[in-house]
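Please look over the sequence and the structure shown here.

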Amino acid sequence: MHRAYIDLALQNTHDIFISDKTEIHHLKDVMRLKKGSRFAVFNGKGEAAECELVSISGQCINARILSAQQEPPHNRFHITLACAIPKKAKFEWILEKATELGADEIIPLKTERTEINLSSERSIKKDQRFQSVILNAVRQSRRLWIPKLHPITDFERSLLLIDEQSSAYIPCLIGERRALKDTFTPENLKPRIIIFIGPEGDFTESEVQSALAHGCIPVSLGKSILRVETAAIAVLATVQLLLNS
């Protein structure tokens, strides 16, 4: 069943109207839905509903809500991925997979070794593209909450997010480190889990020292040196496995 996105509260709502051209095209021309067809909608804020199509045109879709569901913002833990932006379009792949793997917040990081320079106009376009990738991943993975996407953030500024309610981890290649699984025990975790992933070439020594000063736990991801996108997905997959085992 196709899931359409709609920015509307669904609880205690009986009829909805969809005017987004992309959603109309998909439901009308791709899925070829007709009056009486059923489809799902979600608003990215924890609500979803099964609907019956009442009318459809190239300008608007009218549907009747048959049943609705609501999900709390998150379970016991809130997961934030703060990841250096790699070259080319790899960050879009990271956004997609991080969304599928349950990240609640995603922070694109600009580190000392991050090779990206965007004008304000390009940064806005990049952000719009990132939001689109996340929305499509939410739709595909059947999540009910859209992860919060932060603007591109300097690494030092991102460290200010660490507080008394956070358990922060920084995989790195510098200094003494422990295996992630040995430091990551659900019973000792704080409500917010923050994971920092560095750029190609790793964080600089000064960045690692700054992270440690802010309370980050240095961890190892094994003997192999992983690319940015591999490290991000490996850590998130491991976190989900440990939280749900």
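## Strands and helices

In strand β5, glutamine 69 is the bridge partner of alanine 48. This is a predicted model, in which local features need pLDDT of at least 70 and side-chain atom pairs count only at pLDDT 80 or more, while totals for chains, interfaces and linings use all residues. Residues are numbered from 1 along each chain as its sequence is written, and side-chain values use heavy atoms, with hydrogens and water left out.

Helices (H or I, at least four residues) and strands (E, at least two) are DSSP runs, numbered from the N terminus. Two strands pair if DSSP finds at least two bridges between them. In general, strands of a sheet pair through backbone hydrogen bonds, either parallel or antiparallel.

| Strands | Bridges | Sense |
|---|---|---|
| β4 (residues 47-56) and β5 (residues 61-70) | 9 bridges | antiparallel |
| β10 (residues 166-171) and β13 (residues 217-220) | 3 bridges | parallel |
| β11 (residues 178-179) and β13 | 2 bridges | parallel |

Strands β4 and β5 belong to an open sheet of 5 strands, ordered β1-β3-β4-β5-β2, with mixed pairing. Its edge strands, β1 (3-5) and β2 (15-18), each pair on one side only. Ignoring direction, neighbouring strands of this sheet are turned by 40° against each other on average.

Strand β13 has two partners in the table. Isoleucine 217 in β13 is the bridge partner of tyrosine 169, and serine 220 in β13 is the bridge partner of alanine 179.

Turning to the helices, glutamate 92 lies in α2 (residues 90-100). Is this glutamate 92 buried or exposed? Glutamate 92 counts as buried because its relative accessibility is 19%; buried means under 20% relative accessible area, exposed over 50%, and partly exposed in between (1.4 Å probe, protein chains only). Leaving out residues up to four places away in sequence, glutamate 92 touches Arg129, Phe130 and Val133, where contact means heavy atoms within 4.5 Å.

The axes of α2 and helix α7 (residues 228-244) come within 10 Å and cross at roughly 5°. Axes are lines fitted to C-alpha atoms, for helices over the stretch in contact, and angles run from 0 to 180 degrees between N-to-C directions. The helices α2 and α7 are therefore roughly parallel to each other, as angles under 35 degrees count as roughly parallel, over 145 as roughly antiparallel, 65 to 115 as roughly perpendicular and the rest as oblique. From α2, Lys90, Trp93, Ile94, Lys97 and Ala98 meet Val228, Glu229, Ala232, Ile233 and Leu236 of α7.
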